[in-house]
Amino acid sequence: MVSPDILTNNSKLYGSVPHGGELINLILEGEELIELKQRSISLPNLLLNKKQLCDIELLMNGGFSPLNTFMDETIYNNVVESMTIDGDKEDGLLFPMPIVLDITKETLDIVLATDSKQLALRDEEGNLIAVITVSNYYSPNKENEARKTMGSIDPYHPGVSSIFNTKEYYVSGKLEGAQLPVHYDYNGLRRTPIQVRELFRSKGWENVIAFQTRNPMHRAHRELTVRAAELNPGCHLLIQPVVGMTKPGDIDYHTRVKCYKEIIESYPEGLATLSLLPLAMRMGGPREAVWHAIIRKNFGCNHFIVGRDHAGPGEDKQGNLFYQPYEAQELALKLADRLSIKILPFQMMVYVPAHDKYYPVDQVPEGLETANISGTKLRHLLRTGGEIPDWFTYEKVVKILRDSCPPRSKQGFTVFFTGFSGSGKSTIANALNEALLEDGSRSITLLDGDVVRTFLSSELGFSKDHRDLNIKRIGFVASEISKAGGIAICAPIAPYSGARKFARDLITPNGGFIEIHISTPIETCEKRDRKGLYAKVRSGQLKGFTGIDDPYETPENPELRIDTTHTSVKDAIQLILNHLRTEGYIN
């Protein structure tokens, strides 16, 4: 049992004492809410992105207690440098992750020009979420923030990338909540800290172990959590997966929630319950583990499981881990007393066939073989239709995963050509379209650069911003085609790497993305000049032409690179079809 200073059972609040002593609630009611909504009508607006919506939800419902607004410059610096709100590294109140509201200079100037200094914060549909009165603004040192909080400045780290992509200014001030962000799914499983605590009260649960996950749960996770409860008699389990933002490429949360709902039925009756967390993860490893513990403390839990490589993003481009496997455990255990929550460190669970049971990897009886299926191997089995053994997961979970992750031969995909004008993109794209139509297993849409410019982007010019927007539009259309199981063949020039990456990131969660750089040299393209464009450039009739007086950023790691100087259209198509067969997209 936990000590009295960690547990409160008064009529107002049930469960563990919130971090900092008070559970924050920023949602106004009654006349105050009516006045806020009326006042917001005349205010400048900020449409919150997904990360900001996740953050503001947990700010307003108390999940980020003791924070009652986005961090001002002083608290931000304290958190970055010392992981504390007050700057006292040794004894201060812990909070390891910056919670900030980033805006552009343009938006900041608009707000500062008003008498009220207020900004209405809305979701993408225009619903009022909150109003902030800006009393503090600052330009952060993003590199220092990344280095201190993520332990890296490598943009391949998703948390670092997120920091580097924030707007120029962070703002803070009084935050008045109108409503929590609106959700239309799983509302029976989406609970605020107060609601989770009331759930515990109704069940009579005084000691609760929280389990964090961003992946589907399998038998190993179930065994780990049950073992945690067995080692801590009198404890129950809160399975609280993240349904906000996780690592790019993770299985979508709708699929995961279906898996969680199945696996929760496998627990002994009365031991575990499921509740969803709208958190935007930073994949920050050690600091994130501490942050997760604080959040679960605010949700009323007094124990928290920290597993192997907790909230880690995996490896960098060179194959080196961003964090050591048990680095997060070490930091959480070091700070456990200051967190006032019991940290339960667990080793990776492995299956021992001889005993037909799971063991922590450091407790496997000597001489016995173990078995495990990594996430990479599981994705391969799903992609290829390979058998997934019963000892690894449950039959119903396998079915859910197979339905959401069909083999590549049944997935949609996008073939994205890029290269100079005259390099042969359109010719090869048209030929590929015909070759794939012969297969006939999927619908095919050809998005040629010139056709898109006519029907989708006719109002755009050729500035960098307009070129990027054109590629983003193509990427969006292609993502919808791929999501629906079709094939999109795109053949724009796409000169800038940022826009190409945007398209890749948009498409890959829902289908394959095959980037093909038609690397025909500019000299060859100019000699061909079938459209007469190069001649117009040389005569001064055209400006801003890619490869001549506007840059082309060569793809670093395309799936294929084809130079049509010495490669025929027929041979190019064969190369592409061979790649698609090798990767399993076509039979």
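**A close look at the largest cavity**

Reply: Happy to! In the largest cavity, α6 provides the largest share of the lining, with three residues. Please keep in mind that this is a predicted model, where local features need pLDDT of at least 70, side-chain atom pairs count only at pLDDT 80 or more, and totals for chains, interfaces and linings use all residues. Residues are numbered from 1 along each chain as its sequence is written, and side-chain values use heavy atoms, leaving out hydrogens and water.

One cavity of 30 Å³ or more is counted, taking a cavity as a set of points on a 1 Å grid over the protein atoms alone where a 1.4 Å probe fits but cannot get out. The volume of the largest cavity is about 120 Å³ (the space filled by probe spheres set on the points, which are joined across faces, edges and corners). It has 13 lining residues, with K51, P98, E145, I163 and R282 closest to its centre; lining means an atom within 4 Å of a point. Two or more of these residues come from each of α5 (142-149) and α6 (158-164), helices being DSSP runs of H or I with at least four residues, and strands runs of E with at least two, numbered from the N terminus. By class, six are nonpolar, four polar and three charged (nonpolar: Ala, Val, Leu, Ile, Met, Phe, Trp, Tyr, Cys, Pro; charged: Asp, Glu, Lys, Arg; polar: the others, Gly among them).

The second largest pocket, with a volume of about 750 Å³, is an open set with protein on both sides within 12 Å along at least five of seven lines. Its lining holds 31 residues, and S421, D450, I493, K531 and L533 lie nearest the centre. At least two lining residues come from each of α15 (425-439), α16 (449-455), α17 (464-483) and α20 (533-538).

Three antiparallel bridges join β4 to β7 (169-177), and D102 has Y170 of β7 as its bridge partner.

Definitions and conventions. Pairing = 2+ DSSP bridges.
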